Amino acid sequence: MQKSLDSHITPDQWRKAHIAPIFKKGNRQDPANYRPVSLTCIACKLMETFIRDSIMDHLEMNSLLTPKQHGFVRKRSCATQLLHCLEEWTRILDEGDSADIIYLDFSKAFDCVSHTKLIRKMRAFKLNQDVVEWCKSFLSNREQQVIVNGCQSSWASVASGVPQGSVLGPLMFVLFVNDLPDVVDSCIQLFADDVKLYRRIRRVEDQDSLQTDLVHLEEWAEDNSMKSNPNKCQVLHVGQEANPYTYKLCRAFRRPF
């Protein structure tokens with residue numbers, strides 16, 4: 001492991017993964033309804049643990065992670081995100097105002113991460129150079145093979161994305177989206193790739209501002225080789241009845257609650 005870190009080279013076996021498709025929901029005959037989980041080398045997972053802990057120590061020591069991110073971060077969770085949002089929305093209601101909340105979803109977010117852009121962002125965090133170069137090798141020239149009911153596909157190269165099921169993958173994704181909250185003025189909370197964007201609504205100009213932030217998020221996604229999934233986006237209005245407003249992302253969407 002020390003030799004791998006010093007040489008910035010990961011063994012070929014460490015960059016191979018068997019993909020186990022885990023069913024999520026919907027039609028079982030549709031491959032899009034399965035989550036591809038990577039089964040990787042145990043020795044590599046141990047090495048990834050050391051690398052992950054080193055990166056996390058650096059990030060926490062220098063307060064580099066956005067406080068808006070609650071996924072895959074120490075002392076934060078889905079519960080902390082929900083409690084934070086509940087407190088803010090309750091305060092808005094107690095003060096007699098309303099809020100529009102937009103739930104956003106990125107399509108196959110973990111699979112769309114650009115390796116080049118991810119490594120560039122990791123360097124911007126001033127991480128240890130050996131660690132960054134090792135991660136670059138870890139992501140490069142990866143191959144995967146799908147196994148279903150004992151049947152194996154041929155090996156296929158992986159051009160983008162962080163491996164789901166790996167130890168480093170979740171943290172790499174958190175680093176990749178760490179700058180996302182910086183592009184909006186409205187309130188935002190993240191749990192990995194799940195986004196809650198919301199704003200206090202007093203007049204139509206507030207809704208216009210929220211729409212502007214939606215455009216900024218879409219521009220960020222385009223710049224980072226990602227795209228939103230309008231079919232999984234939702235709009236929630238809490239408080240007093242507001243003026244009808246249609247928010248747009250890729251195409252118009254608004255669903256009643």
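A residue counts as buried when its relative accessible area is under 20%, as exposed when that area is over 50%, and as partly exposed in between (1.4 Å probe, protein chains only). By that rule Glu143, at 29% relative accessibility, is partly exposed. The structure is a predicted model, so to speak a computed picture: local features need pLDDT of at least 70, side-chain atom pairs count only at pLDDT 80 or more, and totals for chains, interfaces and linings use all residues. Residues are numbered from 1 along each chain as its sequence is written, and side-chain values use heavy atoms, with hydrogens and water left out.

Here is the overall picture. The protein chain holds 7 helices and 11 strands, where helices (H or I, at least four residues) and strands (E, at least two) are DSSP runs numbered from the N terminus. Its C-alpha trace spans about 60 × 45 × 30 Å along the principal axes. Of its 257 residues, 44% count as buried. A contact means heavy atoms within 4.5 Å. Among the contacts in the protein chain with a separation of 6 or more, 67% come from residues 24 or more positions apart.

Next comes the surface. The protein chain has an accessible surface of about 13700 Å², and 52% of that belongs to carbon and sulfur atoms; such areas come from the Shrake-Rupley method with a 1.4 Å probe, and for residues only the protein chains shown count as cover. Met1, Leu46 and Phe50 together make a nonpolar surface patch of about 290 Å². To join a patch, a residue needs over 30% relative accessible area and no salt bridge; nonpolar side chains (Val, Leu, Ile, Met, Phe, Trp, Tyr) are joined within 5 Å, and like charges within 9 Å. Leu46 sits in helix α2 (residues 42-61) and is partly exposed, with a relative accessible area of 43%.

What about the charges? The chain carries 33 positive and 32 negative charges, and their mean positions are 5 Å apart. Lys and Arg count as positive and Asp and Glu as negative, while His and the chain ends are not counted. Each charge is placed at NZ of Lys, CZ of Arg, CG of Asp or CD of Glu.

Side chains of opposite charge can pair when their charged atoms come close. A salt bridge is a side-chain nitrogen of Lys or Arg within 4 Å of a carboxyl oxygen of Asp or Glu, and by this rule the count comes to 12. In one of them, Lys16 meets Glu143, at 2.5 Å from N to O. Lys16 lies in strand β1 (residues 16-23) and Glu143 in strand β4 (residues 142-148), so this pair ties together parts that are 127 residues apart in sequence. Lys16 is partly exposed, at 24% relative accessibility.

Arg200 pairs with Asp97, the closest N and O atoms being 2.7 Å apart. Since Arg200 lies in strand β8 (residues 194-201) and Asp97 in the loop between α3 (78-94) and β3 (98-105), the pair ties together parts 103 residues apart in sequence. Arg200 is partly exposed at 25%, whereas Asp97 is buried at 13%.

Arg52 forms a salt bridge with Asp53, with 3.3 Å between the closest N and O atoms. Both belong to a network of salt bridges that links Arg52, Asp53, Asp57, Glu60 and Arg74.

Finally, Glu133 lies in helix α5 (residues 129-139) and counts as buried, at 18% relative accessibility. Leaving aside neighbours within four places in sequence, Glu133 is in contact with His8 and Arg123.
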